[in-house]
Amino acid sequence: MSRKVVRQSKFRHVFGQAAKAEQCYDDIRVSKATWDSSFCAINPKFIAVIVESSGGGAILVLLLSKTGRLDKNHPLVVGHAGPVLDIDWCPHNDNILASGSEDCTAMVWQIPDHTPARHITEPIVTLEGHSKRVGIVSWHPTARNILLTAGVDNLIIIWNVGTGEPLISMDDHPDLIYNVSWNRNGSLFCTTCKDRRIRVCDPRRREVVAERLAPHEGIRPMRAIFTRDGNIFTTGFTRMSQRELGLWDPTSFEEPIALQEMDTSNGVLLPFYDPDTNIVYLCGKGDSSIRYFEITDEPPYVHYLSTYSSKEPQRGMGFMPKRGVDVSKCEIARLYKLHERKCEPIMMTVPRKSDLFQDDLYPDTAGPEPALEPEEWLEGRNEDPILVSLREGYIPPKSRELKVAKKNVLDTRPAPRRSMSAVDGGNIAPQLLEKLLEEVHNLRATVLSQEKRICDLENKLSKFTNGTA
């Protein structure tokens with residue numbers, strides 16, 4: 001008598017559990033923009049959701065601890081002239097948020113640790129380089145201040161946010177770009193496109209180093225993400241409109257490592273990948289379920305684990321970085337499901353009897369410190385993320401201000417008004433010159449003292465609102 005052998009895996013019994021009603025975020029008017037974005041971005045400090053707004057685009061940013069019913073007068077992040085299409089938190093600074101919009105710009109925002117008194121309307125920097133709407137924003141995983149944007153003009157631009165300048169521009173895509181995914185060290189990124197091709201691009205060489213026509217035979221949108229070991233995981237549709245997932249080796253794109261049919265639903269599958277556990281979570285827009293798979297070196301390479309099901313369909317989904325999960329409860333992932341009017345956290349947990357820290361579930365994970373400066377990355381250096389241990393849990397650092405130093409900042413300022421005598425012959429009286437210099441010095445000292453005062457007050461306010469004072 002033969003007995004079926006069950007594959008051994010510590011993640012075989014992972015289960016999803018929705019948060020209680022009081023731990024959800026209620027009365028959120030999620031954006032109705034027709035764009036295949038997740039509409040939600042999460043980090044260990046904040047939840048950001050693209051919301052409906054009249055007269056432009058708006059982003060709702062809440063402290064993770066601010067659950068329950070939303071105050072109808074809660075301040076928003078507003079500054080775009082058109083609907084916001086995509087948002088992404090900076091992996092190296094939990095207070096920095098990037099957004100792309102139909103107004104053809106991307107903006108970078110500094111979010112304070114405390115709830116602001118009024119709308120945030122002034123971005124740190126506005127990135128203008130696209131001629132059509134900006135649908136994708138994605139931070140570099142290891143280099144400081146490097147941001148990728150992709151627009152409906154089929155153009156990919158990589159920016160140094162610290163100077164507000166474009167570093168690299170690539171126009172290798174003849175049609176709409178569906179998604180972009182960096183590899184682990186940020187040396188390459190992969191894209192999917194409406195021309196049914198998947199491409200692997202080297203941005204510093206400004207070239208496509210590998211591509212594959214129709215990894216999925218259907219004409220509907222695809223998604224592709226890099227895995228930890230350099231393979232590419234894809235979701236798409238078959239010719240008969242069945243949803244399908246695949247795993248590919250970009251060095252030999254001819255045959256897939258794995259290809260599996262799933263179901264006949266219409267929603268595009270958005271993949272969320274955890275490199276620490278090699279688990280990918282698939283969330284379809286309009287679905288009411290989340291499927292998750294483990295990627296291994298053993299056939300069939302992509303192993304189905306389980307499905308989390310609920311009654312309500314999802315409008316979008318956010319994925320918490322590993323730094324933000326609760327290690328004391330063996331939580332290995334947390335997703336934030338957007339409903340019509342609320343956001344619901346869903347915890348993915350490995351059942352364990354022990355309350356001790358589980359080393360096998362929590363290897364060192366990517367921390368908040370960048371491994372490279374922008375100049376080093378641009379010169380060709382590659383570094384893996386700097387890892388941190390989660391043994392003692394993770395406490396987000398306090399707000400760090402992003403300084404933007406545009407190289408052409410003097411060109412954009414009006415020239416100072418000078419007297420004709422100073423211009424013509426430099427015959428200004430020494431006493432007057434000394435008086436002017438003294439006044440400039442005093443004004444500068446006043447400005448610096450006021451800036452310090454503002455900073456001190458914001459820190460005090462932050463302590464009060466976080467309950468640490």
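Trainee: Which residues line the second largest cavity?

Mentor: Good place to begin, and keep in mind that this is a predicted model. The second largest cavity has a volume of about 50 Å³. By class, its lining has two nonpolar, three polar and four charged residues. The residues that line this cavity are Lys45, His92, Asn93, Asp94, Asn95, Pro368, Pro397, Lys398 and Arg400.

Trainee: Which strand gives the most to the lining of the largest cavity?

Mentor: Let's start with the space itself: the largest cavity holds about 120 Å³. It is lined by 15 residues, and Val61, His74, Ile111, Thr115 and Pro116 are the closest to its centre. With three residues in the lining, the strand that gives the most is β5 (residues 58-63).

Trainee: Is Cys330 buried or exposed?

Mentor: Comparing it with another cysteine makes the cut-off clear. Cys104 has 23% relative accessibility, so it counts as partly exposed. Buried means under 20%. Cys330 has 4% relative accessibility, and therefore it counts as buried.

Trainee: How many disulfides does the count come to?

Mentor: A disulfide is a covalent bond between the sulfur atoms of two cysteines. To be counted, the pair of sulfur atoms must lie within 2.5 Å. By this rule, the number of disulfides is zero.

How values were computed
Residues are numbered from 1 along each chain as its sequence is written. This is a predicted model: local features need pLDDT of at least 70, side-chain atom pairs count only at pLDDT 80 or more; totals for chains, interfaces and linings use all residues. Side-chain values use heavy atoms; hydrogens and water are left out. Buried means under 20% relative accessible area, exposed over 50%, partly exposed in between (1.4 Å probe, protein chains only). On a 1 Å grid over the protein atoms alone, a cavity is a set of points where a 1.4 Å probe fits but cannot get out, and a pocket is an open set with protein on both sides within 12 Å along at least five of seven lines; lining residues have an atom within 4 Å of a point. Grid points are joined across faces, edges and corners, and a volume is the space filled by probe spheres set on the points. Helices (H or I, at least four residues) and strands (E, at least two) are DSSP runs, numbered from the N terminus. Ala, Val, Leu, Ile, Met, Phe, Trp, Tyr, Cys and Pro count as nonpolar, Asp, Glu, Lys and Arg as charged, and the others, Gly among them, as polar.
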